[in-house]
Every structure is written in structure tokens, then in C-alpha cells.
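Look at the model below with its sequence at hand. The text that follows goes through a few of its parts in turn.

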Amino acid sequence: MLYQITDGTVSVGGVTVLSHIDFAVKGREKIAVVGRNGAGKTTLLRLIAGELDLDRDDKRMGPGIVCSRRITVGMLCQSREADKDKTVEELLLEGALSFEEASQERFAYALEYDKLFTGFGFFREDKIRKLSSFSGGEQTKISLIRLLLQKPDVLLLDEPTNHLDIAATEWLEGYMKSYPHAVIFVSHDRFFLDQVVDAVVEVEGGKLKRYPGNYTHYRRQKVKDLAAARKVYERQQEELKRLEQLVERFKHKPNKASFARAKKKAAGRMELIEKPAEDNVHIFTGNIEPLVLGSKWVIEAEHLKLGYIKDKVISELSLRVKRGQKIGIIGDNGAGKTTFLKTVAGLMPSLGGKCTLGNRTVMGYFDQHSAEIASEKTVAEHFHDLFPVLTQKEVRSVLGAYLFRGRLAHGKVSALSGGEKARLVLAELLQSRPNLLLLDEPTNHMDIQAKETLESAFAAYTGTILFVSHDRYFIRQVADALLIFEGESVMYYPFGYEHYREKCRQNRIGGVAARIQAEDQALLAGLRAVPRAERHQLKEIGTEDAYWDWKMGLVGEALEKARRQVERLWEETEGYRQEAEKRREEEWRNWVEMGMREEKMISEGAVTAETIFEELSVCWGEWTEACLKWFEIYEEGNGG
């Protein structure tokens, strides 16, 4: 056991935060610490970091904290004022001062530093900038890089993905998986935790409970455990009630008095089971049906040009959205995602093309401004005024399903946080039951319990949803297809987010026909809408042949692109071999004169060669996969 806490209690300001806890870290374990705000997650990290001590406890046997050896613990700290006038290079190379200048250790440290710096989205030229010239979020990233370069035995990370975009977060996921020591995370990024952790420790009621597996496994297991505990508690309550009824029935009968006393003693000897805490997430079990079904095709866009400024088109797309689809919209900021939603909603004019809604489409629209509600009414009064046909009991039931229970339901709307107001507006939208929902970042500023409740509600909703989100876990739970905004193009992906990420890993996001131009998706949607039995009527325009030709064209383009890439890199490697031969002869002649500087040149040349050969290997694999895909489509088209 690398690090272990046994029967430990921690108090802060005279208040007990963690009571008689057990906690252990083994080897290279990656552990997530989860729980509601204020539960004690940060207190646990501070205890492990040595900032807090265990309370003295005469009942505890042993020291409370034991390590298998002398270990180093690293926790992210804010930059000191003295660091602000140093360049990033000076700061990050402080950790290499103990190495000799031309040593292998120094060279490995420099490579790792360069890998981390660019992995977090910085440019190499940024190394010469002073720390004070970076934003607060960028300074936090630089502090994290410094910590990762130290490689402590136990690394403590509190919200490490804050200030990171999706690309940097995914890069950090890969880095954390291969990190050679133990890491303990506190994070609200559930997708990140799913990718990197081996175990989850929940902090609740001052206690710790450990679950094996990632975050999703923890949530499933917790729901099962709560259901089982609730059944045990309810059985005991039923037994206690039965015994109490027997005592009341027979205690006044002389010939049954001893029987009644025995049952009373039996009830008294029973060890009472504490009532299990309710899960703060509500799971919707039935469907949420729109009031009006609407037409089969909900949205049809043809060469729709998007933009804010006249004659400045951000992107253009053609698309058909079928009833019941749930499409997640992803892409870089400024690519046109929100503009697309606003244009579909009629809140912005298009710069060209057409966008029509299907017959009897009833729309619900949400963005961050939708949550700017101010009212001195209570939450229950506000909701009842919007839906006066509901009884008070029904209002409480609906609000409770969206986590507005007890005092929260009777508190004023104006006193709600931004995330709570957003949740209230989304509850109103779902209760009004439109058949099309357009949502822009619906879960911003919400805690995990609120997000999981809404994920359950949107999964139960049978209407059509188009939503923009940067929460990858939310996208994975809700979306069954993706619309990807990249530059001026829009790509449609007909499967969920997990499938998309897997294809991206396999094909390096460029390979074989995984994504479809949105315009092609609209064409295919139209072709597939024709019943198979009637397709012979369209033979004069070659529908089936056109579809097969289109698929062959996609894989043919990918095949040709991969071939050109392989040829280019092969020529580069041939040129590099010839150049290396010449350099080797010159380097041998100048070895004595150049000394250690030559060794550095050789190392740099080796790194360049290795990079080229790695890229060639990847492209060769992509070309091979493209060939196989082309053959698969060819066989399909010829009935093979």
C-alpha cells in the first residue's frame, strides 16, 4: 500500500468534516474523489498533501496515516508573485537545474517540458514570454505543467480540466493514463473521469465509500446499492410494525402477556438500520411525449448560409432532421453553432438558402438568456401560474422531479442560482411538451446531480432535440447523431459521441467516410425515405446506383488522399536518408572541433527522423484501411 489512512477524523474550525475514514492508494492508481459541494473533497486532498493533520483520537490504534516508503506529494498551487517577472522557460526549467547541462536526464526533461507545453495548447514561441503576460487561466495551466514535470509519487489535482478546451482536455486524458505514479482527482468533468480513473471514492455525510471502476460504473453501482439498502430498511420497518401490532394486540390478555413481552424484547434487541439517504438524482422512467406529434421531417435546410454580418458567411449547410432525432452540435467557438440554432428558431435571418420547419412543429428554445428570470414569487407559485390546470400536489410532484423539493420549491425565484434558474426554465419547457427543442448549452453552471436529472429527462423525451454543448458526458448520454462545425464546412455523423471518438482514434479524423457532408446527409435522408418496394420507380434517375457511386466516391477520395500522403512521406524519408549520409560524413570530420554540440545535433536529427517514420507508419496504416474499406464497399455494390 503506497499511502493509507486508517480510522482518521479531520476537523476544520472546530467542525468535524471527515469522521473515522479509511482511505488507501496503491501503486499507480488513478482515483476520483466525488461528492456534493462542501462534503469534504478538498479537505481530503489537503490532508493527503500534509496541509491538515488528523485529530487526536484515543480510540484509534496506530498512527492513522502510513506510507510504504518515503513519498513525494504534489498539489496544484497558485504562482508566487516572485514568479511573475520570469519567463515561462526560466520557470519550467527550474526543475532541471539538478541535472548536468548535457546529460540524458536534462535532454529527457526538455523533451517532456516541450511535450507538455504544446499539449496544453501553447505555442513554442510563448516560452520566452513573462508569466505576467498570460491570463489567469493560462497561468493555472503553466502551474499544472510545472507540477507534472516534478512527477510526484502522489499527484493531487483539483478540477484539472478547468480552463482547458476539448482538444487540450483529451490530450490530458491520454497523458494521465500513462502517468507513471498515483493520481487523485477532484473534478466535475464526468467524461474525463470515465477515461482516466480506476476507482471512485464518494464523500458523503463525513464518510468515504470506495467503488471500483470509472465514474459511470460508480453511478450504476450506487443506484443498485441504494435500491438494495432501501429494501432492507423497508423490510425491517415492516417487521418492527408487525411486532408492535402483536404487542398491542396481546399485551392486555393474561394468557398472552408473556408472548407480547417476548415480541417487545425481540423488537428492542433488533439493531436498527439507518434509513438510506435519497439519491439526489431523479431518473425518469416513463416517456415524456410531445402534445402534438408533428410531421416526419422536422427541419429541412437547403444551402442555408449562416452569419451575423451581411455578405460574411460563417458556414453553409443542407440538412434534413427526422422526427425523434437527438442531434448534438459540436465544433470550435465561432464556427456557427449558436447562429445555426438561432436561424432555425427564426431569431436571426439567414444570409441565403432556405430553412423550413415541418407542419405542426411546436418549438421550445433555450439559451443562457432564457434563464434570466426575476420574480418575487416562490418557485411553486411561478410554476403553477404557468400551468394553472395542475393541482398543488401535481406542481410539487413535477418540481420534485427536477430537484425543486421542500424549501427550494417554496423559496423565491429571485433567490435561485443561475444553474437553478436554468433548470427551472428547462422544466417549464419539458412540461409544455413541444415536439422540437433547440437548446444552447443547457447544462452550464449546473452541478452533477442536476445534469444527470436532465440527461434522464431528455432521454425520456420522445420529440426532436438539437443542442449545443461542450459537456462531452452530456453529449454522450443524449445525442444519437452529431453535427460537426469545422471552419466553413458542416459534417454530419449518424452515430453517438462515443462511436465518433472511437472512429476519430482509428482514422485520425480523416480516414474513411466516417463523417458525411451535411448536404450529402440531406440527399441520403431523402433516398432512404423512399420505401424499398417503390425504389424501382426511381430507376430512371439511378437512385441505387447513385447511392453506391456516392459511397465509392467517398472511400475513393480517402484512398487517393492516403496514397498521396504515403508517397510524399516516402520521398521525404528517401531525401532524409541521403542528407543524413552527407551529414554523417561531415559530422565525423568535425567531431573533435564541435565536441558536445555535435552530440546534440545528432540527437536532434534522430528525433526528426523518428518523427517522420512515425508519421509514415500512421499514414501507411490509414492507406491500408482505406484500401480495405474500398474493397468492402465494392463487394457490397456487386452483391459480394
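This is a predicted model: local features need pLDDT of at least 70, side-chain atom pairs count only at pLDDT 80 or more; totals for chains, interfaces and linings use all residues.

**Strands, a helix and a buried glutamate**

Strand β6 is joined to strand β7 (residues 182-186) by five bridges, and the two run parallel.

How much of β6 is buried? Of the five residues of this strand (residues 154-158), four are buried, so the rest of the structure largely encloses it.

Now turn to helix α5, which covers residues 166-177 and has twelve residues. From its first C-alpha to its last, α5 reaches 17 Å, close to the 16 Å expected at 1.5 Å a residue. The buried residues in α5 include A168, T169 and L172, and E173, Y175 and M176 are buried as well.

A further residue to look at is E428, which lies in helix α12 (residues 418-432). E428 is buried yet has no salt bridge. A salt bridge here requires the charged atoms to be within 4 Å, and the nearest side chain of opposite charge, that of K377, is 10 Å away from E428. What does the side chain of E428 make a polar contact with? The partner is the side chain of H382, at 2.7 Å. Apart from neighbours within four places in sequence, E428 is in contact with H382, F383, L386 and F387.

Methods:
Residues are numbered from 1 along each chain as its sequence is written. Side-chain values use heavy atoms; hydrogens and water are left out. The expected span of a helix is 1.5 Å times one less than its number of residues. Buried means under 20% relative accessible area, exposed over 50%, partly exposed in between (1.4 Å probe, protein chains only). Lys and Arg count as positive and Asp and Glu as negative; His and the chain ends are not counted. A polar contact is a pair of N or O atoms within 3.5 Å; within protein, one must be able to donate a hydrogen and the other to accept it, and residues adjacent in sequence count only if both atoms are side-chain atoms. Contact means heavy atoms within 4.5 Å. Two strands pair if DSSP finds at least two bridges between them.
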